[in-house]
Amino acid sequence: MKMGVDYYPEHWERSMWEQDARLMQETGVSLIRVAEFAWSRLEPEEGRYEFGWLDDAIHIFYKYGIQIVIGTPSCTPPNWLVERCPDVLPRDAMRNPRYPGIRGHRCYNSPSMRLYAARIVEKLAAHYASHPAVIGWQIDNEFSLNECHCENCNNRFREWLSKKYVTLEALNQDWGTVVWSGEYSAWEQITTPLGGTTFRNPSFLLDWKRFETDSVVEFQQLQLRILRSYCPDHFVTHNIWSYPMSLDYYKLCEELDFASLDYYPGTSPEKSVSGGYNGALTLDLTRGIKRQNFWIMETISGPPGCWFPMWRTPQPGFIRAFAWQCIARGADTLVHFRWRSAPFGAEQFWHGLIDHSNVPGRRFEEYRRLCDEVNRLSLVLAGSEVIGEAAVLHSHDIYNAFEIQPQAEGMNYFDNLKLYHRALTKSGLLTDVVNTTDDLDKYRLIVAPSLYLLDEQLAEKLKNCVKNGATLIVTNRTGVKNRSNVCWIHPLPAHLAEAAGATVAEYDPVGYDVHTIRMLDGKTYSCSQWCDILEPAGAETVAWYADDFYAGTPAVTVHSYGKGKVYYLGIVAEENFYLDLFDKAAEEAGLTRVTGLPEGVQISIRRKGNSNYLFLLNLTPKQQTVQLNDTYRSLLHERSVGPDVILGPYAVEIVEFVEALGGIPLVATV
Ligand code: GLA
Ligand code: ZN
C-alpha cells in the first residue's frame, strides 16, 4: 500500500524537481505517475525521441526513494502528427474532424494513430524496462467511446459486423431490418450512425456501442502487447473515469493487472452525504471490474474547476476521509491529483495539493497526516480484501440499451442502481457490485436492477442461485429483450417468469407521476417511473397499488423457489421502501450488518486471514455517533473505542476484530 501523486516534470523548472522530490519524501509519498500527456516533449518531431529530460527527472525521484508509473501518451497526439496524418483526428456524425485543443483527439481505428502510438510506446518500454525506479505503466488516459465516423471506423465497423454475423441475411434477421425497408443487400450499405438522426434501429445502435468498445480494447491491446514483451516484470493498468459509462470497463480491464480509478467526489458540504453514497457505488463498481483490489490513480486534492466555475474547497478532513473511503472499499494505493496546481494550460484551477503560491497549506498538512496513517497501516492492511455478502448486478450493455431507448420520463438505469446501492449501504450491508456475467454463487442476496437484456443463460444462472438458497430481487424492465436488443415474445419477465411466480399483465410508464403502493400491514410508499401490473402465478403479493385504474392489483410479489426466494418489484419506489425490504431480506438471509447507521456514515470490512478491519467513515460535516456492540482496538488511534464511537466531521475510525468460530461476531446495532 503506497501513497503517490500525479507529477508533471515538464510543467516545472528543473530546479524545482529536487525540492519537490525532497518534500515528497518527507511527506511520505513513495510513488509518482508521469508523462501521460507528454508526447510533444518525448517526441518533439517525427522519429526524434527525447527521453533525457524524463531520465533526469526520474533519476532525481529515484534518489529520494520514489517509484515511477509511466503513462503512455497516446491520449494527446502532438500537433506535428495531426498535421502529418489528419486521419488521427476523430470525425463526428457529420464527418467533420474534431480538432485538437483538448486532449483525446484520436481515432482508435486510425492506422497512423496506431502506428505512431505503438512506436512511441515501444521506445518508452525498451528505454525504461530495466530502470530500477519504474514499476509499472498506465495505458493512455481515461478511455471513453469517441463516436468516430471516419472512413477507417466505417470500414472496421463493417468488418466487425461481418465477423459477427457472417452473412447479411443473419444480420438483417437479427436486427429486424425489415422495419421501414432497412434491409441491407450489400455490406457497403452499412455505415456508422451517420447524420445524427434519432430514429434508428436499436439493435444496430447496440452493436455500434459494442464495436466501439472493441475498438478501444484493440487500441489498448496494441500497447499492452508491447509493454508485456519489453517489461514482463512491470504491471500495466488504465485509469478509468467514473460511471455511468458506455465503454465496457469489464472488457477493457480483462487483460490488465488491475483497474485504476480517477475519483473526484463532490466537495459541496451540502452534497457530501449523497456524494459519499455515489462514491461508494463507484468504488464498489471498480472493485467489481476484476473482482479484486484496485488503485486510485487520481483523486481530489483541492477545489476543482476550469471549464466550469470552481467547486467549494474540500472542508477540513474531507480529503483524508474520502481517501480512506477508497481504501475501505478496496483501493491498495492512492495517487492524488496533482502535486501542485498548474500555472498554465486548460486546468490551471483544478487545484493540486500545493497551490500556485507554492506554500504548502492546510490541505497539504491534511495530506501529510493521511500519508503518515496510510504508511503506518500499510503492512497491516496489505493483502486484505473487502468482504461482500450482497451483490448488485451491473451491465454496460444494459446501460447502453436503456440510453438508446429511454423507457419512461425520469427513468434511468444507473440512477436506479444508485438508489438500490445507496439503500444497501445505508442498511450497513457489505455489498459487491458485479457484472451480470460473473459467478454469483457466494451471494445470499442478489439485487438485479432491470435485467432488460436477459438471455436464457443469465436466467438459468440466477435461477440456480435461488434454488441453492439465495434471495433474488428483480425489478421492472426485466426480461424485455434478447442480447440483440430485440423483444422477447413472451410474458415478462420472460425467462424469469417461472422463478418469480408472476407475470406482468400490463404496464404503465408513469414517468414523473407519483403513485402509491400499500403493504399488507397498511404501510404505504410512493413510487414513480414505472408500474408493472402483476399477475401472480404461485407468488405471494407483498404490495398492491393504491391508486389509478389498477388500484388493488399486485405491485410487488415474492415467490419461494427451490431453497430461496424471488422478489419481483414492479415499481421504482422511494428509498424507504428499499431500506425496509433490504432489512427484511438481510435478516432472512442472515447477512452481516451494522444497523442504525446515521445518514452519511458508511461501513465496510477488509479481511485478512482471521483479522477483520471494520472501517467507520463519517462522510458528513457534522458529528455522528455509531454504536458498536462492544469495545474494539482502534488501528488508527491505538486505543480502545466503543461501544459508542463518536465520529467528528469527516472522521475515520478503523477497528480490528478477530472472527469468532462459527461466523462473524460483529456488530453493532442500535
Ligand atoms: C481527469 C484526468 C486528469 C485531469 C483530471 C482533472 O481525471 O485524467 O488528467 O484532467 O481529470 O480534471
Ligand atoms: Zn475513426
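What spacing do the donors of the zinc ion (ligand 2) follow along the chain?

Analyst: This is a predicted model, in which local features need pLDDT of at least 70 and side-chain atom pairs pLDDT 80 or more, while totals for chains, interfaces and linings use all residues. Residues are numbered from 1 along each chain as its sequence is written, chains are lettered from A and ligands numbered from 1 in the order written, and side-chain values use heavy atoms, without hydrogens or water.

Along the chain, the donors of the zinc ion (ligand 2) follow the spacing C-x40-C-x1-C-x2-C. The protein donors (N, O and S atoms within 2.8 Å of the metal, or 3.2 Å for Na, K and Ca) are the SG atoms of Cys107, Cys148, Cys150 and Cys153, and they lie 2.2 to 2.3 Å from the zinc ion. The four donor atoms subtend angles of 100 to 115° around the zinc ion, so the arrangement is tetrahedral (four donors, all angles between 85 and 135 degrees). Cys107 is in the loop between α4 (79-84) and α5 (111-128), whereas Cys153 is in helix α6 (residues 151-165), so this pair ties together parts 46 residues apart in sequence. Helices (H or I, at least four residues) and strands (E, at least two) are DSSP runs numbered from the N terminus.

Ligand 1 is a separate site. Its surrounding residues (a heavy atom within 4 Å) include Phe37, Arg103, Asn141, Trp307 and Trp350. Ligand 1 lies between domain 1 (35-255) and domain 2 (258-379), because both give residues to the shell around it; the bounds come from an automatic or database assignment.

The backbone has some features to check as well. Most residues other than glycine have a negative phi, and most peptide bonds are trans. The bond joining Tyr243 and Pro244 is cis, with omega about -5°, and Pro244 sits in the loop between β5 (235-240) and α9 (249-253). Gly642 and Pro643 are also joined by a cis peptide bond, with omega near -5°; Pro643 belongs to the loop between β24 (640-641) and β25 (644-647). Asp548, a residue other than glycine, has a positive phi near 70°, and this residue is in the loop between β16 (540-545) and β17 (554-561).

Technical notes
Tetrahedral: all angles 85-135°; square planar, octahedral: opposite > 155°, others 65-115°.
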